[in-house]
Number of protein chains: 4
Amino acid sequence: MRKQPHGEYQGYRTPGIRLMEPLLPGVSAFTDDTDPSALYPYHLFDKAHLVMLAEEDLIPRQDAAAMLKALREMEAQGVGEVRQQVGGTMHSGEQYLIRLLGEEVGGRMHLGRSSGDLRAVWRRCRERDCLIDMMGEMNGLRAALLEVAEKNLDAVMPGYTHSQHAQPTTLGHQFLAWVCVLERCFQRADVAYRRVNESPAGAAIMTGSDFPLNRHRTAELMGFDGVLRNTYDAILNEDVALDTFHAVALVHLSLSRWASDINFWFTSEAGYIDVPDRFCGTSSIMMQKKNPDSLEYVRGAVAESMGGLMTAFAVQKAASGDPTMDLRYMDRALFNSFEMAIRHLRWFTELLPEMEVKRERMREMAGAHWAQATDVAGALVREKGLPWRTAHQIVGILVRYSSERNIRPQEVTPALLDEAAVEYMGEPVGLGDEALRRALDPVEFVNRRTLYGGPSPEECLRRLPEYRAQLEQDEALVEEKSKRLSQAADKLERAIDALVD
Amino acid sequence: MRKQPHGEYQGYRTPGIRLMEPLLPGVSAFTDDTDPSALYPYHLFDKAHLVMLAEEDLIPRQDAAAMLKALREMEAQGVGEVRQQVGGTMHSGEQYLIRLLGEEVGGRMHLGRSSGDLRAVWRRCRERDCLIDMMGEMNGLRAALLEVAEKNLDAVMPGYTHSQHAQPTTLGHQFLAWVCVLERCFQRADVAYRRVNESPAGAAIMTGSDFPLNRHRTAELMGFDGVLRNTYDAILNEDVALDTFHAVALVHLSLSRWASDINFWFTSEAGYIDVPDRFCGTSSIMMQKKNPDSLEYVRGAVAESMGGLMTAFAVQKAASGDPTMDLRYMDRALFNSFEMAIRHLRWFTELLPEMEVKRERMREMAGAHWAQATDVAGALVREKGLPWRTAHQIVGILVRYSSERNIRPQEVTPALLDEAAVEYMGEPVGLGDEALRRALDPVEFVNRRTLYGGPSPEECLRRLPEYRAQLEQDEALVEEKSKRLSQAADKLERAIDALVD
Amino acid sequence: MRKQPHGEYQGYRTPGIRLMEPLLPGVSAFTDDTDPSALYPYHLFDKAHLVMLAEEDLIPRQDAAAMLKALREMEAQGVGEVRQQVGGTMHSGEQYLIRLLGEEVGGRMHLGRSSGDLRAVWRRCRERDCLIDMMGEMNGLRAALLEVAEKNLDAVMPGYTHSQHAQPTTLGHQFLAWVCVLERCFQRADVAYRRVNESPAGAAIMTGSDFPLNRHRTAELMGFDGVLRNTYDAILNEDVALDTFHAVALVHLSLSRWASDINFWFTSEAGYIDVPDRFCGTSSIMMQKKNPDSLEYVRGAVAESMGGLMTAFAVQKAASGDPTMDLRYMDRALFNSFEMAIRHLRWFTELLPEMEVKRERMREMAGAHWAQATDVAGALVREKGLPWRTAHQIVGILVRYSSERNIRPQEVTPALLDEAAVEYMGEPVGLGDEALRRALDPVEFVNRRTLYGGPSPEECLRRLPEYRAQLEQDEALVEEKSKRLSQAADKLERAIDALVD
Amino acid sequence: MRKQPHGEYQGYRTPGIRLMEPLLPGVSAFTDDTDPSALYPYHLFDKAHLVMLAEEDLIPRQDAAAMLKALREMEAQGVGEVRQQVGGTMHSGEQYLIRLLGEEVGGRMHLGRSSGDLRAVWRRCRERDCLIDMMGEMNGLRAALLEVAEKNLDAVMPGYTHSQHAQPTTLGHQFLAWVCVLERCFQRADVAYRRVNESPAGAAIMTGSDFPLNRHRTAELMGFDGVLRNTYDAILNEDVALDTFHAVALVHLSLSRWASDINFWFTSEAGYIDVPDRFCGTSSIMMQKKNPDSLEYVRGAVAESMGGLMTAFAVQKAASGDPTMDLRYMDRALFNSFEMAIRHLRWFTELLPEMEVKRERMREMAGAHWAQATDVAGALVREKGLPWRTAHQIVGILVRYSSERNIRPQEVTPALLDEAAVEYMGEPVGLGDEALRRALDPVEFVNRRTLYGGPSPEECLRRLPEYRAQLEQDEALVEEKSKRLSQAADKLERAIDALVD
């Protein structure tokens with residue numbers, strides 16, 4: 001039963017070695033079902049590992065050179081395609097080299113390595129690429145938001161709590177609050193990136209190797225910023241993938257909430273905005289329909305992402321050495337979630353500047369349902385020296401009168417206020433008509449709020465440079481990460497040059 | 001800006017009608033991204049709806065005949081492919097007919113219908129098909145289990161609670177418990193099927209139509225067993241999809257638990273079974289490895305399914321008319337979960353009869369760690385009249401002695417038991433050696449348990465016919481459902497015949 | 001180190017028997033932390049088990065009589081309180097009897113039983129009690145809904161999809177759709193009840209007993225409708241608890257969706273309803289506020305319940321014999337979810353009849369944003385013989401004109417419709433003014449929808465008796481279950497009488 | 001209908017002001033159901049807010065002094081108790097002051113504040129306290145782990161992947177991997193702390209106030225490290241609470257995995273360790289039982305925590321101004337999860353140093369099932385110059401022979417290895433007996449792995465100081481946080497002194 005390794009070689013799982021049957025097709029299909037574009041991290045690791053093995057004299061230099069040349073040929077033909085042709089698994093690099101150069105040469109590549117660190121390197125490389133893309137998109141959205149926020153600092157509208165009108169605010173102030181969320185989303189991704197970008201390479205399958213692998217060199221050549229300090233930890237712990245997932249899920253949650261906001265503004269009832277037609281569907285039966293399809297996809301995606309997060313937790317809930325193949329369910333949930341997040345950040349960046357804001361309708365509603373009531377009480381405190389609670393209760397009675405008697409806020413008189421005061425404390429309060437008018441004006445309401453972080457245009461303009469400075473800093477961070485990765489790629493190619501020449 | 005409906009017609013969303021821009025490509029890609037095999041339910045509804053419209057004289061008979069003939073031509077060419085060519089959406093039937101027959105004829109098909117009931121019919125048809133497949137696979141697994149259970153009614157092994165040896169039982173008895181779970185899984189799927197197989201057709205987008213659609217006729221022609229009683233409910237409530245999802249998720253949970261059981265039996269530590277090579281992977285670095293890859297996929301899939309269930313809940317958590325496009329996240333989670341469940345049921349059905357059971361090792365372990373202790377106390381109750389609790393405490397002390405002094409259960413003597421009794425109650429208990437031996441024998445332990453539902457082979461054999469009868473009944477149920485569907489398909493074709501002739 | 005079982009006895013875990021240290025206080029606190037009201041199922045099982053043991057002559061009759069009398073004394077003093085005094089665990093019955101009657105008598109009670117079946121009986125008894133309560137409350141809500149539905153069959157309002165106006169419908173029709181959901185919720189609970197109400201008693205810890213326990217008798221005395229057929233299944237499988245949880249979670253989901261509906265109707269923007277003050281909070285700063293606090297609690301509770309469902313799944317994701325203490329996390333999530341569901345069903349039953357419906361505002365909105373557009377196209381089909389799609393596109397253009405030119409639906413003229421027709425097909429369509437008016441009337445829109453299940457008052461009235469009949473049937477089902485339980489309780493007391501006399 | 005504010009005052013929700021009915025008891029019970037110990041953050045905010053109001057001359061100094069004195073009296077009597085007596089809500093401070101000092105004075109306290117920032121301050125204060133506690137406990141566990149790791153650097157045992165023996169490693173190396181996880185857990189908590197400890201105070205209900213509140217002063221007096229830059233963001237975004245929850249959930253996940261590891265080591269099959277009796281339960285029927293109850297609680301708690309995380313996500317999935325009362329479900333899940341995490345960290349810290357490690361059994365198993373096979377291939381590479389893949393395949397065949405022929409690893413001969421080599425490549429490989437023996441020794445296996453991060457005692461000792469240094473740094477971080485909080489508390493008291501004197 002002689003094997004013919006250079007002929008019909010089928011990798012380390014060739015039947016007749018340790019096991020006698022080929023893997024059940026349904027099982028291998030799932031294991032190998034790898035999108036060609038996702039094979040690149042294996043390729044990167046193949047190259048860096050070979051360079052390190054050669055530099056440390058763990059394999060013959062001429063063998064390393066032959067293999068590295070072959071891998072460059074593969075690149076010329078297209079990494080994804082060539083690897084797909086030889087099985088498409090994480091071991092397709094070795095497969096390719098053995099087919100091309102024989103086991104005598106190609107069989108030397110995998111020394112000191114395991115599926116364990118191959119997969120761990122793959123996951124971290126894909127995570128860091130996705131994180132960089134997502135961070136870039138987040139910054140794009142922040143830039144768009146800062147622009148639309150500045151344009152809408154005087155777009156007065158009702159703020160909401162409990163789904164009810166709370167107090168007047170502005171669309172611009174609300175957009176700045178979205179920027180605050182994105183700043184934190186960025187930090188989350190940045191922290192996740194720093195955790196992710198540490199190298200498990202050389203940890204093999206948790207104990208490393210009896211060969212003196214230079215883990216720092218391999219890490220450097222792949223653009224990792226550090227080396228994981230414990231080989232067991234490097235392979236068997238995947239809490240870091242959950243940090244990444246958390247960062248993505250919170251992007252979805254935030255976008256989902258904003259999509260819900262916009263969807264509400266876009267209802268016939270609110271009528272605050274219009275959305276460009278290309279973001280909307282219509283109906284095969286209700287021809288009047290303009291449905292915010294894109295926003296619904298954004299809103300719903302958090303459901304998929306939080307479900308995926310559960311998947312990731314549940315897969316890991318087991319003894320340290322148990323979940324191995326199971327992690328693939330986590331992987332597909334995670335990278336799908338990234339794809340959706342990046343797509344939706346782009347949609348938002350395109351949508352926001354083109355959304356039509358109906359300022360008049362907003363301002364009208366800001367004063368129509370007593371959102372401004374707080375400041376009537378404030379006026380009583382300031383001008384009449386009433387304790388806050390007393391003022392609050394009197395205006396509470398006033399609002400009830402207005403509701404019982406169908407009086408709109410703008411129609412309220414000092415006399416009615418006095419009637420309420422008499423009911424509450426037995427005497428009128430005597431606020432003048434002009435003071436009452438000023439208190440009832442929703443635009444004035446907003447303008448008065450100049451305290452730190454408040455919605456007045458004045459204060460928002462004071463804060464704007466801080467938001468901008470933070471964005472610039474974060475844009476620089478993304479650029480720096482990209483630069484570091486491309487420098488590492490250069491270093492790797494130069495190291496290969498030195499070996500193949 | 002004259003439209004040319006018979007020329008470049010692009011469906012009801014043609015720009016220039018209600019909306020002026022084509023849908024953003026990213027949005028339409030997601031909406032239309034429908035697997036060809038999933039398009040059949042739309043086709044079925046197209047045909048049934050047309051027949052009903054014609055029979056009720058809501059559209060001209062000759063137009064209906066022309067359209068039905070065209071749909072038969074489509075079938076000759078392949079429904080999935082043709083529909084993909086005209087956009088692949090739920091409205092691809094109408095698209096095709098208008099392209100072929102002009103809007104004057106093809107434009108009559110959609111009367112009284114909406115994307116709402118199209119999608120609802122689609123979801124229910126796919127659910128019922130998946131449920132039938134899954135029920136069939138479950139029955140297959142039950143049949144396999146009953147066979148291996150019967151073969152292993154005397155395969156004595158330790159039962160486990162708290163991950164510790166509890167009491168001796170048999171592999172056969174445990175397999176019968178798995179059958180119990182599958183019986184309930186079947187019932188769940190059957191109840192879900194009955195809920196699913198009610199027709200939303202004709203409910204359009206929640207109010208039905210001002211045309212007198214015959215909802216019962218359309219339902220009958222599509223094989224539905226009933227018609228939903230409220231058109232709002234038929235379209236806007238999707239609690240039934242959650243019942244279906246629950247039924248699938250519990251299949252995954254059960255398979256996951258059993259995969260975990262088998263995985264433990266397959267550890268080097270337990271050594272109870274061997275698994276055929278084709279279900280296992282090996283390692284690129286650890287050549288000794290025989291890893292139960294397939295079982296890990298089975299074990300992990302519940303994580304994906306429970307995450308998907310969360311997605312489905314979260315998507316629906318909103319006002320009644322809110323989640324529309326969002327439901328697509330639920331749909332892809334649900335049908336993916338079905339696919340995995342069916343795959344894993346098949347793997348199990350293939351695996352179980354070929355698993356090698358190491359009976360000797362099992363039996364040895366059943367007696368090696370005091371799993372049988374309970375019956376020593378039982379002997380003291382029966383033969384010495386001790387209260388249960390007294391007997392329990394004495395044997396508890398005995399086990400402690402055995403642990404402290406490194407005495408194995410088989411080596412325990414009546415004297416040691418007496419020493420324990422003296423410690424507990426001041427006097428020996430005097431159980432004879434033979435009685436002690438019998439009490440300590442794990443095989444006897446099992447054989448003594450002849451009570452209703454107990455693990456003794458005698459009792460298991462008494463119960464087996466009941467399990468078998470239930471299976472036969474459930475197999476008949478699946479067959480009946482399939483038959484009813486194919487009868488409906490016949491009825492539909494005969495009704496079409498009557499119209500096209 | 002002589003034990004003094006009748007003195008300082010501390011149950012089977014008394015230090016010095018099998019283990020030498022008392023359980024860590026933090027651990028035992030969690031295990032024993034049982035709400036007194038939750039102790040009753042243990043008590044029930046204690047009594048039924050004792051009766052069975054005596055009837056089967058497995059313990060001396062006079063000992064059984066003494067113990068049963070003691071348990072009746074305990075009842076006189078209050079079961080929860082007395083059991084709390086002796087530790088409050090599931091074994092507090094035995095503790096109490098041993099303290100009162102000595103181990104010689106009280107020590108006989110636990111024969112053939114285990115914490116395993118004690119806990120399984122406890123869980124199923126609590127589930128069935130909660131299910132019955134919840135089913136009763138559901139029926140109460142259905143009765144309330146049917147009443148308010150009937151009153152609002154002509155309360156025309158816009159239906160919504162994609163958060164946008166879809167078509168006119170009525171509040172009554174929508175309430176009837178809620179009844180449909182509750183009918184399914186009831187069925188779910190009923191199916192769950194039937195699964196739950198099978199007895200695990202006598203399965204001990206998965207193998208039953210070598211003593212010939214009469215499992216059917218114990219089951220009968222506790223009101224179970226059947227006996228689980230496999231002792232392993234009876235103890236180690238908890239898929240049935242997930243069915244129960246699913247049934248509760250879907251009650252929460254449904255209530256949450258309706259609370260979201262009502263919350264939207266209650267916004268200042270919609271203004272469709274008013275909610276009685278006692279269901280609302282106000283604000284310490286915004287005195288105008290009337291916040292629907294109660295509805296927010298209802299809306300949010302599904303989040304807790306779906307999280308709990310994940311907990312239950314995750315706890316069970318493990319080998320069969322692994323999760324034991326872990327199940328307590330499932331238990332507290334489940335019974336908390338029941339409590340919330342019952343509370344919220346009650347709130348809804350109280351709220352709905354008192355909600356003020358603002359019919360005029362509803363009807364106005366039903367016609368103000370083109371919800372009725374579908375029927376203009378319908379009129380073109382019916383009166384002018386146009387194909388549906390052609391009519392649909394023409395009206396689509398009409399709606400766009402009305403939006404571009406700020407024309408309200410009521411102001412649209414036949415001439416404008418003709419302009420749209422000309423744009424679409426090159427010729428006018430010539431619909432008369434009266435026909436156009438009728439088509440545009442949202443009340444007529446609803447009245448025309450007389451098809452099966454449609455929203456017209458006429459059709460709703462036709463269906464109402466069916467909803468009522470179903471409710472009566474379901475009320476009878478609840479009553480029957482309660483009756484069966486109280487008959488079993490009687491039977492148990494009579495059996496005790498026979499033994500203690 | 002004159003109110004009597006100084007008499008039966010019931011807060012801002014007194015019926016007869018804005019609303020006419022008292023809140024439904026079931027609703028208010030849930031809202032106010034606040035654990036006395038959880039009331040302190042409200043108290044802190046009351047004091048700091050009053051100081052700021054007085055310092056900024058927004059209320060009369062003598063009124064502020066009277067109120068601050070009254071709050072000190074409250075402290076003398078017990079903050080939790082006194083506040084419970086006046087309703088126990090977040091507004092109990094104001095209630096108390098008005099009852100004591102009348103609305104004329106006490107009614108001035110709430111100026112510029114809202115339930116919104118009260119609750120936001122409360123949540124962040126509780127989060128930071130819990131985070132500090134949890135970080136302290138984590139450090140305690142790390143200290144314990146470093147100690148037991150050092151003691152077990154030579155405790156050779158099998159490492160596991162796919163639940164199967166992978167390669168020999170040591171218990172110490174594995175414990176160091178746990179430390180790595182805890183280092184990341186600490187960082188997570190620290191990052192969360194920094195996000196949490198920014199002040200929302202003064203943001204009121206999203207727009208701040210028209211009174212010139214000094215938000216920085218209030219923040220400083222409460223020990224916040226910064227002030228949130230946008231008042232909308234400060235109140236309506238709760239993504240930061242999800243970061244906190246994530247940090248807690250990952251503590252649970254990690255502990256759960258380790259509890260599963262220990263549970264497996266504690267099985268009769270593995271037999272690697274013993275656990276002190278006080279962490280274990282026994283059984284009421286199986287007196288041999290020593291069940292790791294405490295570890296099961298630890299293992300299961302992640303299920304509760306991940307469910308809670310879902311709750312928190314689901315509650316927030318809504319428009320920005322929607323979820324208000326709903327957040328209470330998030331709060332109770334979050335703080336319950338904290339409580340469990342702190343409890344379980346303590347249990348682990350106590351358990352680990354007392355766990356008995358059975359080194360002989362571990363070492364025996366490390367060599368008994370071919371875990372060391374990798375190094376036989378390594379020897380062939382090193383000593384015979386074979387390519388890795390060739391060596392791997394030959395040893396794969398060797399392992400298969402050993403399994404087919406029942407030869408144990410220790411019994412394998414150079415001849416058998418040659419037989420495998422001949423099968424694979426047609427010629428023997430000629431590895432000497434001594435080299436084979438060395439390759440097969442699991443202790444040598446571990447000792448050879450001196451590469452960076454590897455399991456050899458030598459390398460572990462090299463790394464130990466780095467783990468220790470990190471721990472010291474993290475201990476200092478916790479101390480510093482505590483110090484900063486107590487300095488802020490001092491500053492607050494001094495500021496009060498200055499006002500009340």
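Among contacts in chain A between residues at least 6 apart in sequence, 74% link residues that are at least 24 apart. The model is predicted, and the values below are computed from it.

**Chain A**

Chain A holds 20 helices and six strands. Of its 501 residues, 71% are buried. The radius of gyration of chain A is 31 Å, whereas a compact globule of 501 residues would have one near 23 Å. Along the principal axes, the C-alpha atoms of chain A fill a box of roughly 105 × 50 × 40 Å.

**Chain A against chain D**

How many residues does each chain bring to the contact? Chain A gives 121 residues and chain D gives 121 residues. Between them the two chains bury about 10700 Å², and 56% of this area lies on carbon and sulfur atoms. Three residues, A:Arg229, A:Arg257 and A:Arg389, supply 8% of the area that chain A buries against chain D, more than any other three residues.

The table lists two counts for this interface.

| Kind of pair between chain A and chain D | Count |
|---|---|
| Salt bridges | 17 salt bridges |
| Polar contacts, both residues at pLDDT 80 or more | 66 residue pairs |

Helix 11 of chain A, residues 239–265, gives the most to the side of chain A that touches chain D, with 13 residues. The residues on that side of chain A divide into 52 nonpolar, 38 polar and 31 charged.

One of the salt bridges joins the side chains of A:Arg229 and D:Glu183, with an N to O distance of 3.0 Å. A:Arg229 is also one of the three residues named above for the area that chain A buries against chain D.

Conventions
Residues numbered from 1 in each chain as written. Chains lettered and ligands numbered in written order. Predicted model: local features only at pLDDT ≥ 70, side-chain atom pairs only at ≥ 80, totals over all residues. Heavy atoms only, no water. Contact = heavy atoms within 4.5 Å. Buried area = accessible area lost by both parts, 1.4 Å probe. Salt bridge = Lys/Arg side-chain N within 4 Å of Asp/Glu carboxyl O. Polar contact = N/O pair within 3.5 Å; in protein donor to acceptor, adjacent residues only side chain to side chain. Helix = DSSP H or I, 4+ residues; strand = E, 2+ residues; numbered from the N terminus. Nonpolar A, V, L, I, M, F, W, Y, C, P; charged D, E, K, R; others polar. Rg over C-alpha atoms; globule rule 2.2 N^0.38 Å. Buried < 20%, exposed > 50% of the residue type's maximum accessible area, 1.4 Å probe, protein only.
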